[in-house]
Amino acid sequence: MAKPLKKLVSCVLLDLDGTLLNTDGVVSEVLKGFLGKYGKEWDGREAQKIIGKTPLEAAAAVVEEYGLPCGKDEFLAELYPVFSAQLCNIKPLPGANRLLKHLSGHGVPMALASNSPRGNIESKISYQGWKDYFSVIVGGDEVTAGKPNPEIFLEAAKRLNREPSSCLVIEDSIPGVTAGKAAGMEVVVVPSVPKQTDLYTPAADEVINSLLDLQPEKWGLPPFQDWIEGTLPTQPWYIGGPVIKGFGRGSKVLGIPTANLSTKGHSSLLSEHPSGVYFGWAGLSTGGVYKMVMSIGWNPYFNNTEKTIEPWLLHEFNEDFYGEELRLVIVGYIRPEVNFPSLESLVAKIHEDKRMAERALDLPLYSKHKDDPYLNSPLHSESNHA
């Protein structure tokens, strides 16, 4: 059941980088290479300082933080061509294509409002085939001040011929949320920095884990119709490796025997998929394909310091299988990762996830993936499997 209506809106204003596109991964790779020339190492700790900023503000933050022997303009001039050459490698964030197709199919007007320059925005969306979705695009170089100033959103509303109060903004950054609220608009935020939800909660009207969790009907927009028996079908994705010893809490604390996978070598894949509960099929090197439900994320109840992959093979095994090769084909999504007030409520929810996955995997839409050759093929670079 959807929650009660929050407020009626008639159009949607979207940020681009970090909201629709996974730009952060490409930015990190470019910065790693660039800073390496100065003997510095980009470790991502300054991500919060550059997210949502104009290119010049972001450049200034990096130059200052790392004490680089160049000015922000020089830094940007050198970095921009390298970044531009990587635009074709930027992938949409999960749920982005689904959201744009859905809103467009129902005739909901959409605008892009980004701190990036207009030409840069158009290049990015042309690679994705998104140009026709947006009736309005406003770049940071078309206004006198970028976010957190509200001008960019007010200009987008004006060009759409809509009142600010009838606009829903979807953002990923604090400057974007601040700008949207200052413009008098409703704001949903999908935080691009993990484990920082508390920073966004006071300002935004709603904080969601990923675009997969957006419920348009809360804002008077047409609801998605693609959930099937409490599950959302996704494009299949693949991950595998040897089963490792986890935190020792799966069986001991929760009574749930999870088969943990090492995250080594899978950082880019993990960054592409939001934390949450997924399901699919699992293949073991010793033979056998089993139903599987899994969590990806920081497990808020235990407050993990790193993102983990914890699959639960839905089968009674007589012994542990540490060291065995495990292959996973993930075919659907159940829910976002959330914290629980007690261990009992966490365990109850995990068993509910199990029942939902078991039922769903009997549906032809999902059961057909049981025969995916990946589940039984020799192990190689899973992250590159498409």
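In which sense do strand 7 and strand 12 pair, and over how many bridges? The close-up views below are taken from a predicted model.

**View 1. Strand 12 and its pairing with strand 7 and strand 9.** Arg327 of strand 12 lies opposite Gly240 and is the bridge partner of Gly283.

**View 2. Helix 11 and the elements packed against its buried residues.** Helix 11 comprises 18 residues (343–360) and spans 26 Å from first to last C-alpha, close to the expected 26 Å. Its buried residues are Leu346, Val347, Ile350, Asp353, Met356, Ala357 and Ala360. In an α-helix, residues three or four places apart point the same way, because there are 3.6 residues a turn. The buried residues of helix 11 pack against strand 9 (276–284), strand 10 (289–297), strand 11 (308–313), strand 12 (325–336) and helix 12 (364–367).

**View 3. Strand 2 between its pairing partners, strand 1 and strand 3.** Strand 2 (residues 110–113) points Met110 and Leu112 one way and Ala111 and Ala113 the other, and all are buried. Side chains alternate in this manner between the two faces of the sheet in a regular strand. Strand 1 (residues 11–14) pairs with strand 2 in the parallel sense over 3 bridges, and Leu14 stands opposite Leu112. Strand 3 (residues 136–138) is likewise parallel to strand 2, over 3 bridges, with Val138 opposite Ala113.

**View 4. The β-α-β unit of strand 2, helix 6 and strand 3.** Helix 6 covers residues 118–128, and the unit is right-handed.

Conventions
Residues are numbered from 1 along each chain as its sequence is written. This is a predicted model: local features need pLDDT of at least 70, side-chain atom pairs count only at pLDDT 80 or more; totals for chains, interfaces and linings use all residues. Side-chain values use heavy atoms; hydrogens and water are left out. Helices (H or I, at least four residues) and strands (E, at least two) are DSSP runs, numbered from the N terminus. The expected span of a helix is 1.5 Å times one less than its number of residues. Buried means under 20% relative accessible area, exposed over 50%, partly exposed in between (1.4 Å probe, protein chains only). Contact means heavy atoms within 4.5 Å. Two strands pair if DSSP finds at least two bridges between them. A crossover is right-handed if, with the strands pointing away from the viewer, the path from the first strand over the helix to the second runs clockwise.
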